[in-house]
Amino acid sequence: MKTKTAVANAGNLIMTGVLLMLLGDLLFALNDAMGKWLMASFAVGQVLVIRSVGAFIVLGPMILRQGPMAQFRIEQKGLQFMRVVMATGDVALFYAAVAYLPLADVMTFYMAGPIYIAALSHFFLGEKIGWRRWLAVLVGFAGVVIALRPSTAMLSLPSFFGLAGSFAFALSLVMSRYLRSTSDTTLVTWQTVAALVTGIGLSIGNWQPATLVDWSGMLLLGVVATCAHLLITRSLKLAPASLLAPLQYTLLLWAIVLGYIFFNDIPDTQIVIGAAIIVFAGLFIFHRKNLKETVPAEAVPPDGH
């Protein structure tokens, strides 16, 4: 009886992780659209600085409740540092890419992220990936290639920013899963501090005057992004990275919708076909995942972390 109850509880935690990931992805899509709008007028560094200040509006009360000194009591400092570097690189590279490319185009680069996550989770997290899911991941990547409309434009510097950012994003997610005993507040606080420091460095000589609406937009960017990070960080502590990875495909759909609403970007036939293939592959991977075997009940820490 205890075993059945424990398995049921583990399954509930995993489903909660899935829902949190989906909500976090929606907030990230809103964050991306806002970032593209701001990048039309401001440099990456300035946006990172004000975005980080906005992030502390959310993080401040959480840091006080947990205790400021708790931010320094962390495990595996080397891995924590690498995660911060990857998370900061992800944000900076994304904004650098979206300043020149349509939102949906940049997100198609990021759709390669689940492929990196599946491979890294297999080798570094010990999460078993069956051949059918490997095949579905490859099919999903084919959808990304179709959506990208392969051409010499893919070799441009903004495209390189997008590809590098997607790899950094995937690595940060895998490391978040590995560091699941570290509190959400601590994980997000340090990556926000790193983004602030990076932004200060990049904004030297590139600071532009802004209106109240611009300042408010950059602050709101930080609030939305932090909420998204917290949701996704929590989801990775409740469910395997290889299960959550396909859900990142929903970002492409949101990018198409928001790109049309805010920037009047209408996706062409190849984008639609590619997106459909990506979603199909992601749903197949989700369907094939055996939740009970992936995360045994005894592997779930009692405090939920």
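Colleague: In this predicted model, which helix of the protein chain has the lowest mean confidence, and which the highest?

Modeller: Confidence is expressed as pLDDT, the predictor's score for each residue from 0 to 100. Helices here are DSSP runs of H or I with at least four residues, and strands are runs of E with at least two, numbered from the N terminus. The lowest mean, 42, belongs to helix α13 (residues 291-294), and the highest, 90, to helix α2 (residues 44-66).

Colleague: On what basis are residues numbered and values computed?

Modeller: Numbering starts from 1 along each chain as its sequence is written, and side-chain values use heavy atoms, with hydrogens and water left out. Because this is a predicted model, local features need pLDDT of at least 70 and side-chain atom pairs count only at pLDDT 80 or more, whereas totals for chains, interfaces and linings use all residues.

Colleague: Is Thr192 buried or exposed?

Modeller: Thr192 lies in helix α8 (residues 184-203) and touches Ser52, Ala55, Phe56 and Leu59, not counting residues up to four places away in sequence. Buried means under 20% relative accessible area, exposed over 50%, and partly exposed in between, with a 1.4 Å probe and protein chains only. At 7% relative accessibility, Thr192 is therefore buried.

Colleague: Which residue has its backbone oxygen 3.1 Å from a polar atom of the side chain of Ser203?

Modeller: Ser203 also lies in helix α8, and at 7% relative accessibility it counts as buried. Beyond four places in sequence, Ser203 touches Gly45, Gln46 and Val49. The backbone oxygen at 3.1 Å is that of Ile200.

Colleague: Why is the pair of Phe160 and Phe161 described as tilted?

Modeller: Rings of Phe, Tyr and Trp (its six-membered ring) pair if their centres lie within 6.5 Å; planes under 30 degrees apart count as stacked, over 60 as edge-to-face and the rest as tilted. By this rule there are five aromatic pairs. The centres of Phe160 and Phe161 are 6.5 Å apart, and the pair is tilted because the planes lie at 55°.

Technical notes
Contact = heavy atoms within 4.5 Å. Polar contact = N/O pair within 3.5 Å; in protein donor to acceptor, adjacent residues only side chain to side chain.
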